[in-house]
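Please keep the sequence and the structure in view while reading.

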Amino acid sequence: MITVDRIENGYAVVLQDGKVRNIPILQLPNGVREGSVLRLNNGEYCLDIAEEKRLKKAAFDKTKRLFK
């Protein structure tokens, strides 16, 4: 799983396997933004919308439990 941390200077700064990498934004699909989750399929990056939603829900649920 590859998670986009931020986008700056034409690069997406991503977290992959616990490491920080820079990927040129031109190599990524349209619509990529901070918090996007990417998968590498046949040498091309694609958005993983389902995983992104799952991660956001898990973070929301955890925050909700903390402030009960």
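Helices (H or I, at least four residues) and strands (E, at least two) are DSSP runs, numbered from the N terminus. The model is a predicted one, in which local features need pLDDT of at least 70 and side-chain atom pairs count only at pLDDT 80 or more, while totals for chains, interfaces and linings use all residues. Residues are numbered from 1 along each chain as its sequence is written, and side-chain values use heavy atoms, with hydrogens and water left out.

The chain holds 1 helix and 5 strands, and from the N terminus on these elements follow the order β-β-β-β-β-α. The C-alpha trace spans about 45 × 25 × 20 Å along its principal axes. Of the 68 residues, 24% are buried, where buried means under 20% relative accessible area, exposed over 50% and partly exposed in between (1.4 Å probe, protein chains only).

Salt bridges number 7 in this model, each being a side-chain nitrogen of Lys or Arg within 4 Å of a carboxyl oxygen of Asp or Glu. Three of them are set out here.

| Pair | Closest N to O |
|---|---|
| Glutamate 52 and arginine 33 | 2.8 Å |
| Arginine 54 and glutamate 51 | 2.8 Å |

The salt bridge of glutamate 52 and arginine 33 has its closest N and O atoms 2.8 Å apart. This pair links distant parts of the chain, with glutamate 52 in helix α1 and arginine 33 in the loop between β3 (19–24) and β4 (37–41), 19 residues apart. Glutamate 52 counts as buried because its relative accessibility is 6%, whereas arginine 33, at 40%, is partly exposed. Leaving aside residues up to four places away in sequence, glutamate 52 touches Arg33, Gly35, Ser36 and Val37, a contact being heavy atoms within 4.5 Å.

Arginine 54 and glutamate 51 are 3 residues apart in helix α1, so about one helical turn separates them. Glutamate 51 is buried at 14% relative accessible area, and arginine 54 is partly exposed at 48%. Elsewhere, salt bridges that share partners join Asp5, Arg6 and Glu8 into one network; glutamate 8 is partly exposed at 37% relative accessibility, as is arginine 6 at 33%.

Lysine 64 belongs to helix α1 (residues 49–66) and, because its relative accessibility is 51%, counts as exposed. Lys62, Lys64, Arg65 and Lys68 gather in a surface patch of positive charge, a patch being made of residues with over 30% relative accessible area and no salt bridge, with like charges joined within 9 Å.

Note on methods
Patches are made of residues with over 30% relative accessible area and no salt bridge: like charges are joined within 9 Å, nonpolar side chains (Val, Leu, Ile, Met, Phe, Trp, Tyr) within 5 Å. Accessible areas come from the Shrake-Rupley method with a 1.4 Å probe; for residues, only the protein chains shown count as cover. Lys and Arg count as positive and Asp and Glu as negative; His and the chain ends are not counted. The place of a charge is taken as NZ of Lys, CZ of Arg, CG of Asp or CD of Glu.
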